[in-house]
Amino acid sequence: MTTTLPTSGPSEASSAHRAPGQKPQVPGARVRRLLHRLTPGDRRVLRLYVFTRLGLWLVAYCTAWLFPKEGDVKTPAPWLSHWEQWDWAHYQHIAEHGYFGSFPGIDPASDNRVAFFPGFPFTLHAVHTVIADWTAAGLLISLVSGAVAVVALARIAGLGRPDGARAGQRAVVFLLLSPTAVFLAAGYSESLFLAFALPAWLAAKNRNWLLAGLLGAAATTTRVSGLFLATAIAVEFLTASDGHRGTRRLRALSWCALPAVPAAAYTVYLHAHTGDWLAWKHAQERGWYRDFHTPAEAFRHTWQNAFGHLQNTGYAWEFQLELAGMATGLLLLSLLLYRRRWPEAVFIALNLWALGTSYWYLSVPRAALLWWPLWTGLAHWSLRRDWVRDAYLAMVAPLMVVLAVTFTSGRWAG
């Protein structure tokens, strides 16, 4: 029997396109459908994510009262101001004034804004149209991006495992309680990068090369590490047996090259304004001593600054963390090579080469946040050896609080 819907007026136009008996759309229905697609494991890691965010915000609140920037004060600085540290100023200035716009207090000779890829500041500019406070907008970006990232990380850790839900939760625990996890909460680019990079890798593992390339391109807009990810995806493609042959294989391989497009576009943009094809690299060299040195020189300079009494104790301790981060990366690379995990090994090797050939090691522990094979590897190991989780929680996780206090009190934290 055919049912004829009555002719509807303008206010009922959407009803005319619904099947008989179908419930009308209500506000928030799409959000609820999205939430229904989350597995119980996804919900557990998101719950853990929310609790750790609350914990970090509590640390920032306590830091405001216990470690004021000035001596004898009766009222702490505003809570949001404790997230306005170091690189945040560059991101805000780019979002507010662009890469080449002038603003009060800037010295053109020391302006190295072009060292930061545009993905995060452009997103910040967009969110600022809704959230008036710049810092709150940056924190919101990291909050939402981090939620996407932890779900993707959990799913990567659980791929092909009967205990996948447990492995995913463990990987997220290790990431969120890692020493530099405060940068996932601050208005920095790490969370946004992971929100694109981890789903890109998940798409590659599922042999969806177009989606992997598109997400990898989005990751590259935020950090140069997106090029390392693209290389890993290409190696994953070349070592995969997914049935692609001939023209289809070449087309699929071309998707893996998509992440190079944003980097090339940014290079062309900078050249058009500066006449320098290497403007990004030169800004890195001027601001952060990232000119080329041999690995031996970089190690020697870092060791001297860590233990040679050349720096004050705060900076010296940070250089000690840099050494620990590099050692962790080299151990991880060795294990990946031993297990013939070539794509992940390529990603880690490129990271270590970039970080280990500057004047000294800089931001290696921060970069480790992006090393998803580290977090998935620890998760799998801890499921075989419970003591791994216990040792991590007892010895490594407390460093997260220390560095959170360090960062929110305005000291260098990597």
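1. The lining of the second largest pocket divides into 16 nonpolar, 8 polar and 6 charged residues, where Ala, Val, Leu, Ile, Met, Phe, Trp, Tyr, Cys and Pro count as nonpolar, Asp, Glu, Lys and Arg as charged, and the others, Gly among them, as polar. This is a predicted model, in which local features need pLDDT of at least 70 and side-chain atom pairs count only at pLDDT 80 or more, while totals for chains, interfaces and linings use all residues. Residues are numbered from 1 along each chain as its sequence is written, and side-chain values use heavy atoms, with hydrogens and water left out.

2. The space in this second largest pocket comes to about 800 Å³. Of the 30 residues that line the second largest pocket, those closest to its centre are Val 224, Trp 280, Gln 284, Arg 290 and Leu 355. Two or more lining residues come from each of helix H3 (87-97), helix H10 (225-238), helix H13 (279-288), helix H16 (342-355) and helix H17 (364-367). A pocket is here, on a 1 Å grid over the protein atoms alone, an open set of points with protein on both sides within 12 Å along at least five of seven lines, whereas a cavity is a set of points where a 1.4 Å probe fits but cannot get out; lining residues have an atom within 4 Å of a point. Grid points are joined across faces, edges and corners, and a volume is the space filled by probe spheres set on the points.

3. The largest pocket has a volume of about 1200 Å³. Its lining has 40 residues, of which Thr 328, Leu 332, Leu 374, Trp 375 and Leu 378 are the closest to the centre. At least two residues of this lining are supplied by each of helix H5 (134-157), helix H8 (190-205), helix H15 (313-338), helix H18 (372-384) and helix H19 (386-408), and H18 gives the most, with 10 residues. By class, the lining of the largest pocket holds 27 nonpolar, 7 polar and 6 charged residues.

4. The structure also holds 3 cavities of 30 Å³ or more, and the largest cavity contains about 40 Å³ of space. Tyr 49, Arg 53, Trp 57, Leu 139, Ser 142, Leu 143, Leu 184 and Ala 185 line the largest cavity, with H2, H5 and helix H7 (182-185) each giving two or more residues to that lining. The lining of the largest cavity divides into 6 nonpolar residues, 1 polar and 1 charged.

5. As to the overall fold, the protein has 19 helices and 0 strands, these being DSSP runs numbered from the N terminus (helices H or I, at least four residues; strands E, at least two). Of the contacts with a separation of 6 or more, 71% are between residues 24 or more positions apart, a contact meaning heavy atoms within 4.5 Å. The accessible surface comes to about 21000 Å², of which 64% belongs to carbon and sulfur atoms; accessible areas come from the Shrake-Rupley method with a 1.4 Å probe, and for residues only the protein chains shown count as cover.

6. Of the 414 residues, 46% count as buried, which means under 20% relative accessible area, with exposed over 50% and partly exposed in between (1.4 Å probe, protein chains only). The largest nonpolar core has 111 residues, and those with the most contacts inside it are Ile 233 and Trp 371; H5 gives the most to this core, with 12 residues. Such a core is a set of buried Ala, Val, Leu, Ile, Met, Phe, Trp, Tyr and Cys residues joined through side-chain atoms within 4.5 Å. Leaving aside neighbours within four places in sequence, Ile 233 is in contact with Ala 200, Trp 201, Ala 204, Trp 209, Ala 212 and Cys 256.

7. Two backbone angles deserve a look. Most residues other than glycine have a negative phi. Trp 86, in the loop between helix H2 (40-66) and H3, has a positive phi near 50°, and Trp 86 is partly exposed at 37% relative accessibility. Ser 363, found in the loop between H16 and H17, has a positive phi of about 65°, and Ser 363 is buried, with a relative accessible area of 10%.

8. Thr 406 has its place in helix H19 and is buried, with a relative accessible area of 13%. Not counting residues up to four places away in sequence, Thr 406 touches Glu 318, Arg 411, Trp 412 and Ala 413.
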